[in-house]
Amino acid sequence: MKQMLYFCALFFLMFGIGMVYEQSEPVFQQVEKAVAATASVGAFEGKQAVPFTLKDKDGREVSLQSFQGKRVIVNFFATWCLPCQEEMPALVKYEQTLDEKTILLGVNLTSQERSKADVEPFVKHFNANFDVLYDETGEVMKQYSIFGIPTTVVINENGVIEKRINGMVTEEMLEKIGKSK
């Protein structure tokens, strides 16, 4: 008799847990919602790019908005990053092929560097002629959800992110970006 009572209690307990579980929102759905909420900040494909203003090597302020109406390719990098070093020749070569309607911007994650003084020799070493801006506080890095570098973001003429590449870009990838205008 006791066994039957335990069995019935266990049955109703399991039934109750099952009903509560069925009514609850699965964890993976909660995670999906949280990720979708962070994507709306403008750091991912299909979103309006987050506007920013940073200083160049001469201390002049340059804003993303000043390139409105042009296609902007923003490459986030650091001098100590080996993949950043490996992709730099491809970026330099690609920049030479761009027309006046497309801009290549480098954004150095200066807050992640040992010294801001490391950046200019790095840029000169690779003969990079494109503008390099300094994210000294790490604010733009946060706004664009840069978790790994290099990261390249392609922004169309309307200010919408059309492509985000987490990791190193190659000449072939840059060529495809150029053809997707």
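In the predicted model, the largest nonpolar core comprises 25 residues, among which Met 88, Leu 91, Phe 130, Leu 174 and Ile 177 touch the most other members. Two or more residues of this core are supplied by each of the elements β3 (71-77), α3 (82-95), α4 (119-125), β5 (131-134) and α6 (171-179), and the greatest contribution, 6 residues, is that of α3. In soluble globular proteins, nonpolar side chains tend to be buried together.

When residues up to four places away in sequence are not counted, Phe 130 touches Met 88, Leu 91, Val 92, Glu 95, Leu 104, Leu 105 and Gly 106.

Of the 181 residues, 40% count as buried. Among the contacts with a separation of 6 or more, 72% are accounted for by residues 24 or more positions apart. The accessible surface of the chain comes to about 11,200 Å², and carbon and sulfur atoms hold 58% of that area.

A search of the whole structure finds 1 disulfide, which is formed by Cys 81 and Cys 84 with their sulfur atoms 2.5 Å apart. The link between Cys 81 and Cys 84 is right-handed, with 80 degrees about the S-S bond. Both partners fall under the 20% limit for burial, and they therefore count as buried, Cys 81 with a relative accessibility of 3% and Cys 84 with a relative accessible area of 0%.

Asn 75, a polar residue placed in strand β3, is likewise buried, with a relative accessible area of 2%. The side chain of Asn 75 is joined to that of Glu 87 by a polar contact of 2.8 Å. Leaving aside neighbours within four places in sequence, the residues in contact with Asn 75 are Glu 87, Leu 91, Leu 105, Gly 106, Val 107, Pro 150, Thr 151 and Thr 152.

One of these contacts, Pro 150, lies in the loop between α5 (139-143) and β6 (151-155), and a cis peptide bond, with omega of about 0 degrees, joins Ile 149 to Pro 150. Most residues other than glycine have a negative phi, and most peptide bonds are trans. The loop between α5 and β6 also holds Ser 145, a residue other than glycine whose phi is positive, near 50 degrees. Ser 145 is buried, with a relative accessible area of 12%. A positive phi, of about 55 degrees, is also found at Asn 127, although Asn 127 is not a glycine. Asn 127 is placed in the loop between α4 and β5 and, at 55% relative accessibility, counts as exposed, whereas Ser 145 is buried.

How values were computed: Residues numbered from 1 in each chain as written. Predicted model: local features only at pLDDT ≥ 70, side-chain atom pairs only at ≥ 80, totals over all residues. Heavy atoms only, no water. Core = buried A, V, L, I, M, F, W, Y, C linked by side-chain atoms within 4.5 Å. Buried < 20%, exposed > 50% of the residue type's maximum accessible area, 1.4 Å probe, protein only. Helix = DSSP H or I, 4+ residues; strand = E, 2+ residues; numbered from the N terminus. Contact = heavy atoms within 4.5 Å. Areas by Shrake-Rupley, 256 points an atom, 1.4 Å probe, with all protein chains shown as cover. Disulfide = S-S within 2.5 Å. Polar contact = N/O pair within 3.5 Å; in protein donor to acceptor, adjacent residues only side chain to side chain.
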